[in-house]
Amino acid sequence: MADHRPDWKQRATELNFEHRAFINGQYVGARDGRTFDCVNPANGTVLARVALSGNHEVEMAVAAARRAFDSGDWSGLAPRARATILKRFAALIREHNDELALLETLDMGKPIGDSSTIDAPGAAYCVDWYAEAIDKTPGEVAPVDPKLVGLVTREPIGVVGAIVPWNFPILMASWKFAPALAAGNAVIVKPSEKSPLSAIRLAALAREAGIPDGIFQVLPGDGETGKQLALHMDVDCIAFTGSTQVGKLIAGYAAQSNLKRTWLELGGKSPNIILPDCPDITKAARTAAAAIFFNMGEMCTAGSRLLVHEAIRDAFLAELKTAAQSWAPGDPLDPATSMGAIVDGRQFDKVMAYIGSAKADGATVLLGGSAARTDSGGWFIEPTVIDCPHPQVTVCREEIFGPVLSVLTFRTLEEAIALANDTEYGLAAAVWTANVSTAHQVARRLRAGTVWVNCYDEGGDMNFPFGGFKQSGNGRDKSLHALEKYTELKSTLIKL
Ligand code: NAD
């Protein structure tokens, strides 16, 4: 029988990399000619020299967005008409699934088996979902004095800047631009300098779908480009996903400029609690491995702190070590690979430094801890498990954003909950127990935006709001609640 699976390596050689910004309906280079290198982290080769958007490009894009928004050509469309265009956009993303997946894999090192089945299809699904939602989210008629009619409506906010990270480039971008476009806004996407290619390609698909010029623009660039956008007096909202450190800067830029709305999806250090009545230790250990090693641990929701009860600790860790073997790093273009390359040399050094610090802090490396595939020219790290003597060890507190799991042992339920909440973050948490009452009680006490019981990272559908408590940010991506971020509420009172 013929093999119809794509030959990814062959296809990768046939790709063209668009490397310019997309402003007002066309691709343009930076006026001052500046570029940055886009590097394949699996082998260190330069894929493209991408336009570094500066002040001129930011000004051009914001002006085009404002004109396009004010024209009403997008915000003034009937919701059904906007939905039709967005559904065409989603269909085009699907049609170009393999190309977008390849861009993602080459650009940031994730396995092609993931980018082609999770990232690219997830972006199409997200655009579709919000397209379907917009004519099903009515306003309100408020109970009021009978001589009045009181309407409560939502209006698009205007020009939205979406500043996004590199770990799920196309998916994180879609979680911002899909609800923002659906609500009628003009969106400027600023992808990470480590992974700009998929967003740049999306811009042409948006135009082909019929999204008017100026309504969907892409400004590749670095932190300085993002800063200019976030300080701009004519940008009405910044939707940001990235580190807590930069999230705080974004809040400051809003305060220094026009008090633009800021929505911040930030870091995490999520606990995965294994209670002694864990219903299935083998399954829980496999899931704990996936929770930290999926996407090379470059996950805001990574289950990076394993809290395990002393009675089952040894049995659990033995299962975990077995499960970790299926996460050995491999060539991201090989469909059999489950863990790919670390995004770049800087991130690689950061993760390796954390592993070194753990040893210096008196922790024990139970598994991994070294670089892998060192002859590839790329950046790979073994799945790593570190046993920590106490929760003050740096690798138990700081977000590593790599395939490094910190293990802490507890004796009582109270101790487990205290350990779980002993973090500046609050993005996600999980608990494993056979007792439904314990599950509910623990879930209520965990200070996190998402709690999983007897699972991890479930909920790929758009229905659940996604975001954090505490310094994991504010606002929520996904679900109908995300539409609220890109709209202003208006009360209209009509005297009869
Ligand atoms: P980062 O904060 O370094 O960069 C994110 C984006 O901000 C990039 O586009 C970058 O160019 C831009 N940027 C950098 N400095 C800036 C500045 N001064 N002003 C404006 N923009 C600036 O984060 P990263 O390394 O790309 O991504 C990893 C982080 O993202 C992790 O902390 C991770 O937890 C977080 N993350 C959170 C979620 C979530 O939904 N909560 C999802 C994915 C990633």
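Author: **Surroundings of S270**

Leaving aside residues up to four places away in sequence, S270 touches C300, T301, A302, G303, S304, R305, L427, A428 and Y456, where contact means heavy atoms within 4.5 Å. This is a predicted model, in which local features need pLDDT of at least 70, side-chain atom pairs count only at pLDDT 80 or more, and totals for chains, interfaces and linings use all residues. Numbering runs from 1 along each chain as its sequence is written, and side-chain values use heavy atoms, with hydrogens and water left out.

S270 sits in the loop between β11 (261-265) and β12 (271-274); strands are DSSP runs of E with at least two residues, helices runs of H or I with at least four, both numbered from the N terminus. S270 counts as buried because its relative accessibility is 1%, the limit for buried being under 20% relative accessible area with a 1.4 Å probe and protein chains only. Its side chain reaches the backbone oxygen of A428 at 3.1 Å.

Buried residues make up 55% of its 496 residues. Of the contacts with a separation of 6 or more, 75% join residues 24 or more positions apart. The radius of gyration is 23 Å, which agrees with the value near 23 Å for a compact globule of 496 residues; it is taken over C-alpha atoms, and the globule rule is 2.2 Å times the number of residues to the power 0.38. Along the principal axes, the C-alpha atoms fill a box of roughly 70 × 60 × 55 Å.

How values were computed
Buried < 20%, exposed > 50% of the residue type's maximum accessible area, 1.4 Å probe, protein only. Polar contact = N/O pair within 3.5 Å; in protein donor to acceptor, adjacent residues only side chain to side chain.
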